[in-house]
Amino acid sequence: MKQVYDVIIIGSGIIGSFAAFQLRQHGIKNILILEKANQIGMGSTGFSSAVLRCRYTHPEVCQMAQMGLHIFTHWKDFLHSSHAENRFFKTGVLWMMGEPKESLEFEMARLSNF
């Protein structure tokens, strides 16, 4: 018997899983996710250092990162599930790259709203 899907996603890492989630949120339910590993997120997603940062060159990417931070810190609300679990740990990172003081002050002011 031939099976037909509206969408087929290759890979169940963060991108494939989130694509499937968004499709479901928009009413597409006939989705197939193909994964070569024996568990989800076993590729680059599983081996990521999982740094969620907000310092990017373009303001739109900063806004997207800020949205991601909000999603991770409010995971159960985002998924509309009291059973959803995440292992998000809020820590700090300091990168010293020899930037001029003015540039760092500008970045501090820009990111102070995050």
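Q: In which loop is Ser12 found?
A: This is a predicted model, in which local features need pLDDT of at least 70 and side-chain atom pairs count only at pLDDT 80 or more, while totals for chains, interfaces and linings use all residues. Residues are numbered from 1 along each chain as its sequence is written, and side-chain values use heavy atoms, with hydrogens and water left out. Helices (H or I, at least four residues) and strands (E, at least two) are DSSP runs, numbered from the N terminus. Ser12 is in the loop between strand 1 and helix 1 (14-25).

Q: Is Ser12 buried or exposed?
A: The classes rest on relative accessible area: buried is under 20%, exposed over 50%, partly exposed in between (1.4 Å probe, protein chains only). Ser12 has 4% relative accessibility, so Ser12 counts as buried.

Q: Which residues does Ser12 touch, not counting residues up to four places away in sequence?
A: A contact is a pair of heavy atoms within 4.5 Å. With residues up to four places away in sequence set aside, Ser12 touches Ser17, Ile33, Leu34, Glu35, Gln39, Ile40 and Gly41.

Q: Which residues make the nonpolar surface patch of about 310 Å²?
A: Patches take residues with over 30% relative accessible area and no salt bridge, joining like charges within 9 Å and nonpolar side chains (Val, Leu, Ile, Met, Phe, Trp, Tyr) within 5 Å. Areas come from the Shrake-Rupley method with a 1.4 Å probe; for residues, only the protein chains shown count as cover. Ile8, in strand 1 (residues 7-10), is partly exposed at a relative accessible area of 49%. The patch is made by Ile8, Ile10 and Leu34.

Q: Which residues of helix 2 are buried?
A: Helix 2 spans residues 59-73 and reaches 21 Å from its first C-alpha to its last, close to the 21 Å expected, where the expected span is 1.5 Å times one less than the number of residues. Cover for its buried residues includes helix 3 (75-79) and helix 4 (101-111). The buried residues of helix 2 are Cys62, Ala65, Gly68 and Ile71.

Q: With which residue does Lys101 form a salt bridge?
A: A salt bridge is a side-chain nitrogen of Lys or Arg within 4 Å of a carboxyl oxygen of Asp or Glu, and the structure holds one. Lys101 is exposed at 58% relative accessibility, and its closest N and O atoms to the partner are 3.8 Å apart. Both residues lie in helix 4, four residues apart, about one turn of the helix. The partner is Glu105.
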